[in-house]
Amino acid sequence: MWLTSSSIGRKFVMAVTGVCLVLFVTFHVLMNAVALIWPTAYNLVCEFLGANWYALIASAGLALLFIIHIIYACWLTIQNRRARGNDRYLVNSRPPQVEWSSKNMLVLGIVILAFLVVHLIQFWHKMQWQELMHHELAVLPQLNGAPVPPAFGTLFIQMAFQEVWTPIVYIIGFIALWFHMNHGFWSMLHSIGWDNGIWLNRLKTIGCWWTSIVVALFIAQAIVFTVRANQNYYTNDLALQEQYGEFWKEKSQAIVEDFRTSVQKVFANIDQTNPVAAQAAQADFLKENAPRYIEQANAVISSVEKQCPDLKVETLGELEQFKTFLEQNLQNIEQEK
Ligand code: HEM
């Protein structure tokens, strides 16, 4: 097929996937801008995307684009090295400043890939992946010893950017991205043989501006996120605390409600006319299930303490009483043994 068998076809695939990735990166920097301007709205967007079918399709499509772009990049590089010479582009009028990026496109791509691996471990794996796996509170990623649910994007920003090395790794990645994207535009225009006219220069200028604005925004974001993370802004801000608190309040209610429903189910099958049997069944149920509910309650309580300290009493509602009730009952059962 033309897209795989001819050199120009392969360059075409690189260009199309490259343009799609540029659009993704542009969308991404705009998403991050929401975190910068309006952090609570950013968390709503994270919740909306989550691991829903539309977000999963987009992520799979994106992964495919990256994979095709990388495979074709390696393929073209091998081909170019074999046929070294001056015919890497249909039209060849490379100014000296393009030379450096051109020679280093593969290395720049590898630096971006390395950045991406770190980045996906810091964000995607802690957010979409956790939601996809339906992980329990106890195994969610933790900030200051308390679990963070996947929709709290701002707390993952806190987690990532409170590390000293994060802004350094990111800024290296952004610089590589600037050279890579900028040369990508240049290369795409030349691969299709467009080598003269005012529009070539205009398009190159547009490409350079586009790249520079996107990368400058990423750098500005990384700086602001680092400053805010080091001031613990994402756990001190009252609007954010209220948003986290709302989530934990619902979670507390859900835990208590789940316990009530389970108890009702168990007791529906017990012969209530026999008090000894009923008491034994109650004790068995508590011995088996109370530790799990206590663990969940502890996770919520520690998250509320760490993530919304100013709202503690209001948010926890009946959860603390519920936990004490379970602990006392377990203690009584142990003593009666
Ligand atoms: C300040 C810089 C950046 C921040 C704060 C940031 C933040 C995030 C966050 C929060 C997610 C998680 C999305 C989720 O799984 O729910 C994410 C995903 C991702 N980011 Fe970034 N990002 C930054 C820069 C970049 C750059 C420069 C690139 C590419 C060169 C990039 C590529 C990706 C990719 C591929 C994903 C996975 C998207 C998916 O879920 O399918 N990010 N980023």
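This is a predicted model: local features need pLDDT of at least 70, side-chain atom pairs count only at pLDDT 80 or more; totals for chains, interfaces and linings use all residues.

Trainee: Ligand, then. Which residues come nearest?
Mentor: Ser 59, Phe 123, Trp 124, Met 127 and Gln 128, out of 23 residues around the ligand.

Trainee: And which elements give two or more residues to that shell?
Mentor: Helices H2 (7-37), H3 (39-49), H4 (53-82), H6, H8, H9 and H10 (198-230). H10 gives the most, with four residues.

Trainee: How do the shell residues divide into nonpolar, polar and charged?
Mentor: 16 are nonpolar, seven are polar and none is charged.

Trainee: Back to H6. What span should it have, and how far apart are its ends?
Mentor: H6 runs over residues 105-122, which is 18 residues. At 1.5 Å a residue it should span 26 Å, and its end C-alpha atoms are 25 Å apart, so the two agree.

Trainee: Which of its residues are buried?
Mentor: Leu 108, Ile 112 and Gln 122. Seen down the axis of H6, the buried residues fall within an arc of 70°, so they line one face of the helix.

Trainee: Why would residues a few places apart point the same way?
Mentor: An α-helix has 3.6 residues a turn, so residues three or four places apart point the same way.

Trainee: What do the buried ones pack against?
Mentor: Helix H8 (153-161) and helix H9 (165-191). On the other side of H6, Val 117 and Ile 121 are exposed.

Trainee: New topic: H13. Where is its kink?
Mentor: At Asn 289, shortly before Pro 291, and the kink is about 45°. The 33 residues of H13 (275-307) should span 48 Å at 1.5 Å a residue; the end C-alpha atoms are 44 Å apart, which agrees.

Trainee: Which H13 residues are buried?
Mentor: Gln 296, Ala 297, Ala 299, Val 300, Ser 303, Val 304 and Gln 307.

Trainee: And in H12?
Mentor: The buried residues of H12 include Tyr 244, Phe 247, Trp 248 and Phe 259.

Trainee: Is His 134 buried or exposed?
Mentor: Exposed, because it has 7 C-beta neighbours inside 10 Å.

Trainee: And what is the phi of Asn 144?
Mentor: Positive, about 50°, and Asn 144 is not a glycine. Asn 144 lies in the loop between S1 and strand S2 (146-147). With 16 other C-beta atoms within 10 Å, Asn 144 is partly exposed.

Terms used: Residues are numbered from 1 along each chain as its sequence is written. The expected span of a helix is 1.5 Å times one less than its number of residues. A residue is buried if 20 or more other C-beta atoms lie within 10 Å of its own, exposed if 12 or fewer, and partly exposed in between; C-beta atoms are placed from the backbone. The arc is that of the directions from the helix axis to the C-beta atoms. Two residues are in contact if their C-beta atoms, placed from the backbone, lie within 7 Å. A residue is near a molecule or strand if its C-beta atom, placed from the backbone, lies within 6 Å of it. Ala, Val, Leu, Ile, Met, Phe, Trp, Tyr, Cys and Pro count as nonpolar, Asp, Glu, Lys and Arg as charged, and the others, Gly among them, as polar. The bend at a residue is the angle between axes fitted to the seven residues ending there and the seven starting there.
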